[in-house]
Amino acid sequence: MTLAAEIRQGDRRALARGLTLVENGDPAAAALLADVGTASRAHRIGITGPPGAGKSTLVSALTALWRGDDRSVGVLAVDPSSPFTGGALLGDRVRMLTHSGDEGVFIRSLASRGALGGLSAAIYDAADLLDAAGFDPVLVETVGVGQGEVEICRVADTTVVVLAPGAGDVVQGMKAGLVEAADVLVVNQADREGADALVAALRSAAELRDAPAPPILETTATTGAGVDELRQLLDARVGDAEGESLRARRLERAHARLRAAVDRARAHRYWAAREDALARAAEAVAAGDTTPAAAVRDLLEGDA
Ligand SMILES: Nc1nc2c(ncn2[C@@H]2O[C@H](COP(=O)(O)OP(=O)(O)OP(=O)(O)O)[C@@H](O)[C@H]2O)c(=O)[nH]1
Ligand SMILES: [Mg+2]
């Protein structure tokens, strides 16, 4: 049986092997992804927000609820801010999930070591594999500050931004970008002081967006309070009422993804055929024998 067929049958070891190919940017990954068949069935949910907001705790609590409905849950934990930590740090971050040994839960940390096109391409591809293996929903937890994680959220059908009260000025500053990216805003650690004030602040920030204000929910992930409401809200997005906006989002994502993939493939082919020319041009530019602009013109000459 091919690796793709094993993954489609839900073979966990095959899935793990496939994810490693994707993560390492292995040439075999492209063939696997083409083979593995139609994806885009699973609801892909990005969970993002500042460190320590309670994302993993929330993911774990949500997972428990979905398992109660007998749904299989895939979790990808991503750390765009530390590409060089490999798995160590990420391992710590996901270890708190209490679902090990449950066949209906698949948790994997993802570091982009060699993925062509970087981490967001690797996340797309990894989510495809989890999807093909029958996991639905697929959750992507990302930690980070600023544009990085907002960018990564673009791979999701639904972006949940998790904040916690009392995280200080840095968090206040980055909220704007995060609020922009959110389909759902969650104020976690609602048991702590300042949660209501944070909700009020987010409500005013959300009103400034062009898009309709996202729903704002309060949760206490450690006790589970509010988590079922979040789960229902997420599930409703794939239902009839919100199905249309999800389809539009997927179309937009497919567009961006295909363009990026073709750009990468073309760049790869282009440079593979021109390594020597590049080396010569770089030497000429460095020596002052030609200008960068002239070198670029020469390199692009004859390219369609
Ligand atoms: N009081 C309180 N503590 C919480 C709540 N949710 C999570 N925590 C605690 O906050 C700490 C961080 O929780 P995590 O779930 O690891 O947070 P995270 O956002 O995944 O953190 P990183 O992955 O490191 O960015 C842990 O000690 C949790 O037990 C909550 O609702 N209330
Ligand atoms: Mg975490």
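Visitor: What is the relative accessible area of Trp271?

Guide: This is a predicted model, in which local features need pLDDT of at least 70 and side-chain atom pairs count only at pLDDT 80 or more, while totals for chains, interfaces and linings use all residues. Residues are numbered from 1 along each chain as its sequence is written, chains are lettered from A and ligands numbered from 1 in the order in which they are written, and side-chain values use heavy atoms, with hydrogens and water left out.

Trp271 has a relative accessible area of 32%, which makes it partly exposed; buried means under 20% relative accessible area, exposed means over 50%, and partly exposed is in between, with a 1.4 Å probe and protein chains only.

Rings of Phe, Tyr and Trp (its six-membered ring) pair if their centres lie within 6.5 Å, and planes under 30 degrees apart count as stacked, over 60 as edge-to-face and the rest as tilted. Phe106 and Phe135 form a tilted pair, with 5.9 Å from centre to centre and 50° between the planes. Phe106 belongs to strand β3 (residues 105-110), whereas Phe135 sits in the loop between α6 (118-132) and β4 (138-143), so this pair ties together parts that are 29 residues apart in sequence. Both Phe106 and Phe135 are buried. Trp271, for its part, pairs with Tyr270 in an edge-to-face arrangement, 5.0 Å from centre to centre and with 90° between the planes. Tyr270, at 12% relative accessibility, counts as buried, whereas Trp271 is partly exposed.

Axes here are lines fitted to C-alpha atoms, for helices over the stretch in contact, and angles run from 0 to 180 degrees between N-to-C directions; helices (H or I, at least four residues) and strands (E, at least two) are DSSP runs, numbered from the N terminus. Where they meet, Ala277, Leu278, Ala281 and Val285 of α12 face Pro292, Ala295 and Leu299 of α13 in contact, which means heavy atoms within 4.5 Å. By class, this contact of α12 with α13 has seven nonpolar, no polar and no charged residues, where Ala, Val, Leu, Ile, Met, Phe, Trp, Tyr, Cys and Pro count as nonpolar, Asp, Glu, Lys and Arg as charged, and the others, Gly among them, as polar.

Another place to look is Leu230, which lies in helix α10 (residues 227-238) and is buried, with a relative accessible area of 0%. Leaving aside neighbours within four places in sequence, Leu230 is in contact with Leu58, Leu62, Val184, Val186 and Leu217.

Stepping back to the whole chain, the secondary structure comes to 13 helices and seven strands, and buried residues make up 46% of the 304 residues. Among contacts between residues at least 6 apart in sequence, 76% join residues at least 24 apart.
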